[in-house]
Amino acid sequence: MNDSQYYDYIVVGCGGVGSSALYRLAKQARGRKVLGLEQFELGHHNGGSQDFSRVIRYTYPDPTYVSLAVGAFKAWREVEEESGIQIFHKCGALTIAKKNSKAEGNLRKIGRVMDAASIDYELLEGFGVHKKFPSFTPMSDVIGMYQNDEGLLDAALANAVHIQLARKHGADILEHTSVKKITRGSDGILQLLTSNGVFRCRKVIVAAGAWINDVTRSIGVHVPVTVTQEQVTYFATPHMKEFSHRRFPCFAFSGDDRLFYTIPIYGNTGFKIGIDGGGAEVTARTRTFRPNPKIIEDCRALLKEFVPRSLGPILYTKTCLYTMTADRDFVIDTAHRTGYPDVAVCCGAGHIFKFAAVVGKILADIAMDRMVSYDIARFRLDRPAIMDPNFKKHFDLMDDDKEQLDVKAKL
């Protein structure tokens, strides 16, 4: 084996989380060799990490995620400080629900979680939403939660910054290199069999998105995931100034069965909208890249009801992949239960990008045998949603009714 094929740390997948982990490893490696492997070209659009903008928010119904969000904001600031490039844009975020609905109850629970974390927010009742943001249709039957410090991340730029910082600190990166198998040599060192040769290493981080099980099955790990083709549509509103990220917040409508989300104009001239987890189930190989016209029309109807001046001709619709666990929680764990404690596995469950900067840091700490500063017990590989084939899928991010589901899963 050529010594040039040996690395101390290898990251499989260089999307949002993988590029972050690669940067954190390279920065802390202090002379040790770090490699990133990407099966496509960097910045590709086959997975779920590329686009102009992603929401970053504190508004989650569980304190684990709120704590991670606090860490994410800090980690993104660190990246901005080292690179000199702005990634986060503060525009605030507003979540709306209909009064006397299940969604209102979920929103109020989120408020209690944020109260406990000492995170400020403003509750807007009825016409108060229109009073604060005149672009909204005046409505008496809504309740809104507005958080001023939330906003958007420039996703594609963030990935590129992480990659370039990783290279600055000495990381190597190979594109068009897919991992076929992970094994262990007779000397105990990990071996990665790839389309570009065999690589040996001490530690591996797998952040392969929808291709996670293609990589992990060889180490006895199967993560049951639902992969969906999602989409966002950009509407070319004529009222661009009104809906720019400098004037209008990120906005979500939490219904009893669906979560619509919007992002103000940034990166192009379109007002962006999508439905969280609203796409058809696919695989990484069967996804079509063709938008679903019904979802576009549902999004159009939502905007017509709440912010009609945001509408205009369709600029374009872009598809991506969600890779969701049955409980929508992440996977952040090692494969120690199958004899591979030196392989860390991460699955983002379709909502990890906002946390990518801090999760990359966590994965690097795991790989380097350092103390992890966050509670990640919720993301274990041996939880019911991963281990129990009869676990009831629960994809609603605004409804954290998992305790009941976990009890059912154990019966």
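**Exercise 1. In which crossing does helix 2 pass helix 5 in this predicted model, and which residues meet?**

Step 1. Helix 2 passes helix 5 in a left-handed crossing, that is, the near helix is turned anticlockwise from the far one by less than a right angle. Helices are DSSP runs (H or I, at least four residues), as strands are (E, at least two), numbered from the N terminus.

Step 2. The contact (heavy atoms within 4.5 Å) brings Trp76, Val79, Glu82 and Ser83 of helix 2 to Ala158, Val161, His162, Leu165 and Lys168 of helix 5.

The model is predicted: local features need pLDDT of at least 70, side-chain atom pairs count only at pLDDT 80 or more, and totals for chains, interfaces and linings use all residues. Residues are numbered from 1 along each chain as its sequence is written, and side-chain values use heavy atoms, with hydrogens and water left out.

**Exercise 2. State which residues of helix 2 meet helix 8.**

Step 1. From helix 2, Leu68, Gly71, Ala72, Lys74, Ala75, Trp76 and Glu78 take part; their partners in helix 8 are Ala356, Ala357, Val358, Lys361 and Ile362.

**Exercise 3. Locate Thr317 and identify its side-chain polar contact with Thr233.**

Step 1. Thr317 lies in strand 18, residues 314-324.

Step 2. Leaving aside residues up to four places away in sequence, Thr317 touches Gln231, Val232, Thr233, Pro291 and Ile296.

Step 3. The side chains of Thr317 and Thr233 are joined by a polar contact of 2.8 Å (a pair of N or O atoms within 3.5 Å; within protein, one must be able to donate a hydrogen and the other to accept it, and residues adjacent in sequence count only if both atoms are side-chain atoms).
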